[in-house]
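Me: I am new to this structure and would like to go through it slowly, in questions and answers. Could you take me through it?

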Amino acid sequence: MTGQSPVEIDTSRPHPARMYDWYLGGKDSYPVDEEMGRQMLTLDPRVPVMARVNRAFMHRATRWLATAGVRQFLDIGTGIPTEPNLHQIAQEVAPDARVVYCDNDPCASHPVGAHLDRIGTEHHPPTRAVSIGCTSTAMGAVNRSGRCAVKAAFRTASAEKP
């Protein structure tokens, strides 16, 4: 994007999103995240299981909602993308489902944007999903109104469909 400074991510300190990614077996973590993740395992070895259970719930809930007719999904606090992602689950059931990923943490929103940038290439089929870096003000607007404050800008949501 023009006029924006590059995203700077501090890889010298552990980050919860990257630790979560490590627990799930993802590729977006650094040695410092793994080190802290292993320390967490000494406190409670169930942490990776809880991360997988959380992920499985998101998959079940998304499938259920898409089967019930929901076609628009707003993922607030997206985190680092771990396949299958929400749009993949929703569009497996309903190819016309639309997804907006929103996170105010560059550590999370930068990889999501990079993942979505690859969509439409040979190994990533086209999708109806966008990623936005939400400021705390935009996140507050989403939370207060119950509607996506950015839908007009991205034209991915529709007021006519759930």
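**Salt bridges and burial**

Reply: Aspartate 33 is buried, its relative accessible area being 0%, where buried means under 20% relative accessible area, exposed over 50%, and partly exposed in between (1.4 Å probe, protein chains only). The model is a predicted one, in which local features need pLDDT of at least 70 and side-chain atom pairs count only at pLDDT 80 or more, while totals for chains, interfaces and linings use all residues. Residues are numbered from 1 along each chain as its sequence is written, and side-chain values use heavy atoms, with hydrogens and water left out.

Me: Which side chain meets aspartate 33 in a salt bridge?

Reply: A salt bridge is a side-chain nitrogen of Lys or Arg within 4 Å of a carboxyl oxygen of Asp or Glu, and the structure holds five salt bridges. In one of them, at 2.5 Å from N to O, the partner of aspartate 33 is arginine 18.

Me: Why does the pair of arginine 18 and aspartate 33 tie together parts that are apart in sequence?

Reply: Helices (H or I, at least four residues) and strands (E, at least two) are DSSP runs, numbered from the N terminus. Aspartate 33 lies in helix α2 (residues 31-43) and arginine 18 in helix α1 (residues 16-23), so the parts that the pair ties together are apart in sequence by 15 residues.

Me: Is arginine 18 buried or exposed, and how many of the eight residues of α1 are buried?

Reply: Arginine 18 has a relative accessible area of 2% and is buried. The buried residues of α1 include Trp22 and Tyr23. Helix α1 is largely enclosed by the rest of the structure, because the number of its eight residues that are buried is six.

Me: Which residue forms a salt bridge with arginine 63?

Reply: Arginine 63 is partly exposed, with a relative accessible area of 31%. The closest N and O atoms of its salt bridge are 3.6 Å apart, and the partner is glutamate 92.

Me: Where do arginine 63 and glutamate 92 lie, and is glutamate 92 buried or exposed?

Reply: Arginine 63 lies in helix α3 (residues 47-67) and glutamate 92 in helix α4 (residues 86-93), so the pair ties together parts that are 29 residues apart in sequence. With a relative accessible area of 56%, glutamate 92 is exposed.

Me: What percentage of the residues of the protein chain count as buried?

Reply: The secondary structure of the protein chain comes to seven helices and three strands. Of its 162 residues, the share that count as buried is 40%.
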